[in-house]
Amino acid sequence: MENGSVLRILFVEDYPPDTELAERILLKNGLEFQSRRVETAEDFLEELHGFSPDIVISDYNLPTFDGMEALRILLDHDSSIPFIVFTGSLNEETAVACMKAGATDYILKDRIRRLPFSVMEALDKKAAFVAREKAELSLRESEERLQLAMEVSEYGFWDWDMDSNDAYFSQGWYFMFGYKPDELPGTFDAWATLLHPDDHGLVIGRLMNDLRKLEVFQMDFRMLSKSGKWIWVTGRGKPFDIDENGVPHRAIGTFIDITSRKLAEEQILRARMAAEEANRYKDELLANMSHELRTPLSSIIGFSDVLLEGYSGELNSKQKEQIFTINNSGNRLLELINRMLDLSKIESGGMDLIFENFHPEYVLSVVLNRTDPMASKKNISLSMNVDPEVGEIMADATKITEILYNLVENSLKFTPDGGEVSIDVKKGDDSIYISVSDNGTGIKKTDVERIFEPFVQVDGSTSRKYGGVGLGLMLARTYAKMHNGDVQVKSNYGHGSTFTLILPSSPVSREITGQDRCTTGLH
């Protein structure tokens, strides 16, 4: 009977006055109900389907069939519906037979006043039976869902009786290691024998210690599969059935196969070690190359300087031009070598800053002196303006010089003959801004960030008009970030560009992070 619905009683009775008497007794005792009466087996079966009674009250002796047949029909239809035998006479043997056959109760008609109590008791039993059925069904469904979840997730489940040492392992657990349930004893010791020798003592010790402390056990370790391969698993366990002394008597947990993850981690580790080894060899190669290249370059640059100064005699104009080309090429090659070495130091984290106080005019004078020949050759006006409020800067003077040299050189490179390049130094609230502006070719929007990547040239063809290997701007931005600053660019394609070095007023340095390497193209 559903909550809030009217009780439905089906009487199986061939004498209507007995049914009317039973109804009056039930109503007098506060039971509200609907009722119907049948006399034949056919009508009884029809009302079971159509009326759907909550309880059946049946006479035992009827003209066409008896109470036992009615009981059998009801049990075949729905065994949860209570069946009360209500008869004028019933010997003890027949009453016992009815109860054994499944009747809920029996009432003699001369004791009809007991009928309401029998009906209410039967309905209570039915409610308890239905609730138990629902609970059992819910439990079965939960167990099925858990089993399906364990199978889908590829988890292995275990349940260990710590007193008897017996252990239950799920199908997923056996499948994980390639065994069948009858191939391994269901004991804790059988599981322990599969542990890797190097892991055995540590795993058992950790497990027992965590369970004694009533803590959750979790650990990665290796276990032997039937095929002889070692399987990496993550084992988890939790203590249960804890007595009043805080001693657990049961532990339940799971295993999950993490072999693929472990193999991937090992591959990553090997790749990292190989990359580090390759970087070490590269650094050694660059250092050796630097030494081997710088030694002859020093001679080339030094002796060409001697020749240009006239210490070995006067040179004619043609000879001076050729010696100047040798000298200029040597200096450019030395600059390239230095940049490659700086790049290597940055990638390996070996680049340090040395802070000192200096006026911006100092580094700018060095930059102007180094770039003046290039500006003069192209007849470019090179000017400088420093805000007096800037004062001294605390930074790595060598790195700031390199930053500004790279920015000015880049502007001179892409500014046409007769153009202009200006340097402006201004003070902000908490930063110093040094801008290098030109009226050169400008940069397309699609190339603005690309130019800060290593070895990137906007014109990457072998026949490109402008030289260089594409390291200057990348190094400039990287040096700026080491100062906790930045290099930003604004450009109007076809009309020029402005590169701005932003430095914090207070000296703050930091290491180059993985994100910096990504933004500058370093790996």
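## A buried lysine and its partner

K109 is buried, at 18% relative accessible area (buried means under 20%, exposed over 50%, partly exposed in between, with a 1.4 Å probe and protein chains only). Its side chain meets that of D59 in a salt bridge, 3.6 Å from N to O (a Lys or Arg side-chain nitrogen within 4 Å of an Asp or Glu carboxyl oxygen). K109 lies in the loop between β5 and α5, and D59 in the loop between β3 and α3, so the pair ties together parts 50 residues apart in sequence. D59 is buried as well, at 6%.

Helices (H or I, at least four residues) and strands (E, at least two) are DSSP runs, numbered from the N terminus.

## About the model

This is a predicted model, where local features need pLDDT of at least 70, side-chain atom pairs need 80 or more, and totals for chains, interfaces and linings use all residues. Numbering starts from 1 along each chain as its sequence is written, and side-chain values use heavy atoms, leaving out hydrogens and water.

The chain averages a pLDDT of 85 (the predictor's confidence in each residue, from 0 to 100). Over residues 512-523 it stays under 50.

The structure holds 20 salt bridges. In one of them, R8 and D54 bring their closest N and O atoms to 3.5 Å. R8 sits in strand β1 and D54 in the loop between α2 and β3, so this pair links parts 46 residues apart in sequence. R8 is partly exposed at 22%, whereas D54 is buried at 2%.

Definitions and conventions. Contact = heavy atoms within 4.5 Å.
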